[in-house]
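Visitor: Could you walk me through this one? I would like to start with the whole chain and then go into the details.

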Amino acid sequence: MEDIANQNQLQQVILVAQGFYARKDRAHDLEHALRVREWGKLLAEELGADATVIELAALLHDIGRSGAVEKTHAESSAGLSVNILQKAGYSNDLIVRVRDAIVAHSLEAGHEPNTLEAKILYDADKLDFVGAIGLVRLFTLGGVQGWPLVGDNSCETFYQEKIRGYQKHIYTNAAKVYFEPLFLFMEEFWQQLHAERLKLVHSGQANPV
């Protein structure tokens with residue numbers, strides 16, 4: 001009976017989160033949150049962390065991206081999560097731990113992840129922005145923002161200035177093991193892209209940017 005009750009609570013959270021994510025760009029939608037949840041559960045199992053905290057934090061970590069009322073989307077998401085989890089009947093202690101993990105999943109407001117669960121959420125979020133899925137998310141975001149593929153203020157500059165920096169800030173060794181090959185896949189993609197563009201320029205079929 002307890003497992004059924006827990007599942008009902010979780011489904012309630014997912015349904016509410018789905019409504020928030022329906023207003024987001026497709027790079028930060030419910031599918032992203034669900035993938036972060038799976039990464040988080042995997043890391044939690046390997047590291048002995050509280051999977052419930054990580055699962056709930058992953059599901060809610062980006063709900064404040066549209067209509068943010070706080071300085072950052074992480075702070076907005078954390079604030080919204082408190083009300084959602086209270087209505088779902090979670091304990092105050094668990095709600096505080098989820099909120100703190102969500103606040104620290106982005107470094108934009110100067111919050112550092114201090115608990116193991118917060119570090120795992122941070123790492124799981126970054127693991128969804130590398131590899132083939134990371135490239136799809138990057139180009140989806142670029143389409144929303146109107147970025148060109150390469151050049152100034154482009155998908156490539158976002159990759160160079162932000163995603164490349166993630167490799168220096170992965171907090172758990174377990175996540176680093178998964179991150180490295182996915183990151184190398186992206187590096188090889190950009191090398192291949194420029195090699196193909198250079199061939200087109202030399203053949204006279206394209207102009208250099």
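This is a predicted model: local features need pLDDT of at least 70, side-chain atom pairs count only at pLDDT 80 or more; totals for chains, interfaces and linings use all residues.

Visitor: Switching to rings: how many aromatic pairs does the count come to?

Guide: The count comes to 10 aromatic pairs. One of them is formed by phenylalanine 129 and tyrosine 166, whose ring centres are 6.5 Å apart and whose planes stand at 40°, so this pair is tilted.

Visitor: Where do phenylalanine 129 and tyrosine 166 lie?

Guide: Phenylalanine 129 lies in the loop between α6 (116–127) and α7 (131–145), while tyrosine 166 belongs to helix α8 (residues 155–166), and the pair therefore ties together parts that are 37 residues apart in sequence.

Visitor: Buried or exposed, those two?

Guide: Phenylalanine 129 and tyrosine 166 are both buried. Along with Trp147 and Phe158, Phe129 and Tyr166 form one aromatic cluster.

Visitor: What about phenylalanine 139 and phenylalanine 189, how are their planes set?

Guide: Their planes are at 55° with the ring centres 5.8 Å apart, so the pair of phenylalanine 139 and phenylalanine 189 is tilted. Phenylalanine 139 sits in helix α7 and phenylalanine 189 in helix α9 (residues 173–202), so that pair ties together parts 50 residues apart in sequence.

Visitor: How accessible is each of them?

Guide: Phenylalanine 139 has a relative accessible area of 30% and is therefore partly exposed, and phenylalanine 189, at 26% relative accessibility, also counts as partly exposed.

Visitor: Which charged residues lie over the face of a ring?

Guide: Lysine 126 lies over the face of tyrosine 122, at 3.8 Å from the ring centre, and arginine 137 lies over the face of phenylalanine 129, at 4.3 Å from the ring centre.

Visitor: Back to α7, then. How does its reach relate to what is expected?

Guide: With 15 residues, α7 reaches 21 Å from its first C-alpha to its last, close to the 21 Å expected at 1.5 Å a residue.

Visitor: Which residues in α7 are buried?

Guide: In α7 the buried residues are Gly131, Gly134, Leu135, Arg137, Leu138, Leu141 and Gly142. They cover an arc of only 165° around the axis, which puts them on the same side of α7.

Visitor: And what does the face turned away from the buried side carry?

Guide: That face of α7 carries the exposed residues Val136 and Gly143. Just after α7, glycine 146 takes a positive phi of about 75°.

Visitor: Last topic: where is glutamate 180 found, and how far is it from glycine 131?

Guide: Glutamate 180 is found in helix α9 and is partly exposed, with a relative accessible area of 37%. Glutamate 180 and glycine 131 are 49 residues apart in sequence, while in space they are 9.4 Å apart, C-alpha to C-alpha.

Terms used:
Residues are numbered from 1 along each chain as its sequence is written. Side-chain values use heavy atoms; hydrogens and water are left out. Rings of Phe, Tyr and Trp (its six-membered ring) pair if their centres lie within 6.5 Å; planes under 30 degrees apart count as stacked, over 60 as edge-to-face and the rest as tilted. Helices (H or I, at least four residues) and strands (E, at least two) are DSSP runs, numbered from the N terminus. Buried means under 20% relative accessible area, exposed over 50%, partly exposed in between (1.4 Å probe, protein chains only). A charge sits over a ring if NZ of Lys or CZ of Arg is within 6 Å of the ring centre and within 35 degrees of the ring normal. The expected span of a helix is 1.5 Å times one less than its number of residues. The arc is that of the directions from the helix axis to the C-beta atoms.
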